[in-house]
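Please open the model in a viewer and keep the selection tool at hand.

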Amino acid sequence: MSSDTGSTPGTSPSGNPASRPRIFSGIQPSGVPTLGNYLGALRNWVRLQEGHECIFSIVDLHAITVWQEPERLRTQTLEMAASLLACGIDAERHILFHQSAVRAHAQLAWIFNCVARIGWLNRMTQFKDKAGKDREAASAGLYVYPNLMAADILAYHATRVPVGDDQRQHLELANDIAQKFNHDYGVDFFPLIEPIIEGPAARVMSLRDGTKKMSKSDPSDQSRINLTDPPDVIALKIRRAKTDPEPLPSEPGGLEGRPEARNLVGIYAALAEIPVAAVLAQYGGQGFAAFKEALAELLITHLGPIAAETRRILADPAALIALLQRGAERAAAIADPIVAEAERIVGFLPGRAGLPGRPG
Ligand code: AMP
Ligand code: TRP
């Protein structure tokens, strides 16, 4: 509990030696990360490491809300860890771990299951999307998924959460849970969370359908760019990406009602770090061919080094597992006392003597 010796920033249980705001974010090991993950979340995570104390989790508890083949889940968790490191996550200065290794998440999630109202969960659009038509057949875990997500963040008293636009509603729910907990128990224990949703590519869409988000779990591999795709695959996917017959517009307003064009131009702008207007100033009035070629080039330049670094890291799985386990220990050192205090507030008796648990 008192690992507050200050040697490594980010390990202090009560937070913030250098008073840097604490960040938490998570990503599911449900496949290889996509360009959507990269532009919507990961690139921001890497940047936010400067000036924040960051805790990043590969959320395997979330992943099993839909069926995961056990052996694949293990492999995908390692691949996700390697990808995150390859993108520039610094697991020494910050914390990277797999969610299931820190028990505090599930413990606090149970309390939150009892704080959140069914009516709140019924409004979650992601559940409706993921459960599909046969809602009765969805797992109970998929339904209470947002409560676990709230627990992930609040177990660390994290106040800033970088995510893609699709997670906005879940973060609003997390704030509702924090407020209701504080109100019901008459405490000021859980802080308010501030979402960080940034950039022209906070929502990257499918290459096959500009109205659907790009997702690692989409059945069609043609719908997405994976961070591990080789150059020829990237080039082919972009060449085949759906567009419309009109030439590119010369101004951003002209992208209205053209979701596929808007998506590709948004991706270009995000990667090149220039405004959408600047992309259109260059390519407006032309067909898609030259633009697509330039976009593929840009993608290959950005993603090539990440793919190579991911392969290098994956060559030593034992070292990678050890890294995640060290991360889990440091994460637990922060979360355990916070969750123990939440349990005390709720009225649970102290846990077993000598084990990390609730203070007596
Ligand atoms: P997930 O892949 O669902 O675990 O999402 C991990 C992170 O990537 C979350 O912050 C998501 O909001 C973000 N993300 C996932 N898909 C996209 C997308 N198509 N566009 C932008 N951000 C995304
Ligand atoms: N639900 C998020 C997603 O699918 C992943 C996630 C789980 C997360 N726990 C989190 C994101 C906590 C931010 C904070 O994208």
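Begin by selecting ligand 2 together with the 13 residues around it, of which Q28, Y145, M149, D152 and Q167 come nearest; a residue is counted here if one of its heavy atoms lies within 4 Å of the ligand. The model is predicted, so local features need pLDDT of at least 70 and side-chain atom pairs count only at pLDDT 80 or more, while totals for chains, interfaces and linings use all residues. Residues are numbered from 1 along each chain as its sequence is written, chains are lettered from A and ligands numbered from 1 in the order in which they are written, and side-chain values use heavy atoms, with hydrogens and water left out.

**Ligand 2**

Display the polar contacts, meaning pairs of N or O atoms within 3.5 Å; within protein, one atom must be able to donate a hydrogen and the other to accept it, and residues adjacent in sequence count only if both atoms are side-chain atoms. An oxygen atom of ligand 2 lies 3.1 Å from a polar side-chain atom of Q28. A nitrogen atom of the ligand is 3.1 Å from a side-chain N or O atom of Q167, and for the side chain of Y145 the corresponding distance to a ligand nitrogen is 2.6 Å. Taken alone, ligand 2 exposes 360 Å², of which the protein buries 91%; accessible areas come from the Shrake-Rupley method with a 1.4 Å probe, and for residues only the protein chains shown count as cover.

Next, colour strand 1 (22–27) and helix 7 (140–154), the elements that give two or more residues to this shell. Helix 7 gives the most, with 4 residues. Helices (H or I, at least four residues) and strands (E, at least two) are DSSP runs, numbered from the N terminus.

**Ligand 1**

Move to ligand 1, which has 17 residues around it; Q28, G164, D166, V204 and K216 come nearest. Which side chain places a polar atom 2.5 Å from an oxygen atom of ligand 1? That residue is K216. Backbone N or O atoms also approach nitrogen atoms of the ligand, at 2.9 Å for M214 and 3.2 Å for G36. Ligand 1 exposes 480 Å² when taken alone, and the protein buries 93% of that. Select helix 1 (residues 35–48), which gives the most to this shell, with 4 residues.

**Aromatic pairs**

Now show the rings of Phe, Tyr and Trp (its six-membered ring), which pair if their centres lie within 6.5 Å; planes under 30 degrees apart count as stacked, over 60 as edge-to-face and the rest as tilted. The count comes to 11 aromatic pairs. Select F97 and Y156: their centres are 6.4 Å apart and their planes stand at 55 degrees, so the pair is tilted. F97 lies in strand 3 (residues 95–98) and Y156 in the loop between helix 7 and strand 4 (160–162), so the pair ties together parts that are 59 residues apart in sequence. Both F97 and Y156 are buried, where buried means under 20% relative accessible area, exposed over 50% and partly exposed in between (1.4 Å probe, protein chains only).

Continue to Y283 and F291, an edge-to-face pair with 5.4 Å centre to centre and 70 degrees between the planes. Y283 counts as buried at 9% relative accessibility, as does F291 at 0%. Then select F112, F181, Y185, F189 and F190, which ring pairs link into a cluster.

**Cysteines**

Finish with the cysteine sulfur atoms. The count of disulfides, defined as pairs of cysteine sulfur atoms within 2.5 Å, comes to 0. For C54, the nearest cysteine sulfur is that of C87, 14 Å away. C54 counts as buried at 1% relative accessibility, and C87 counts as buried at 13%.
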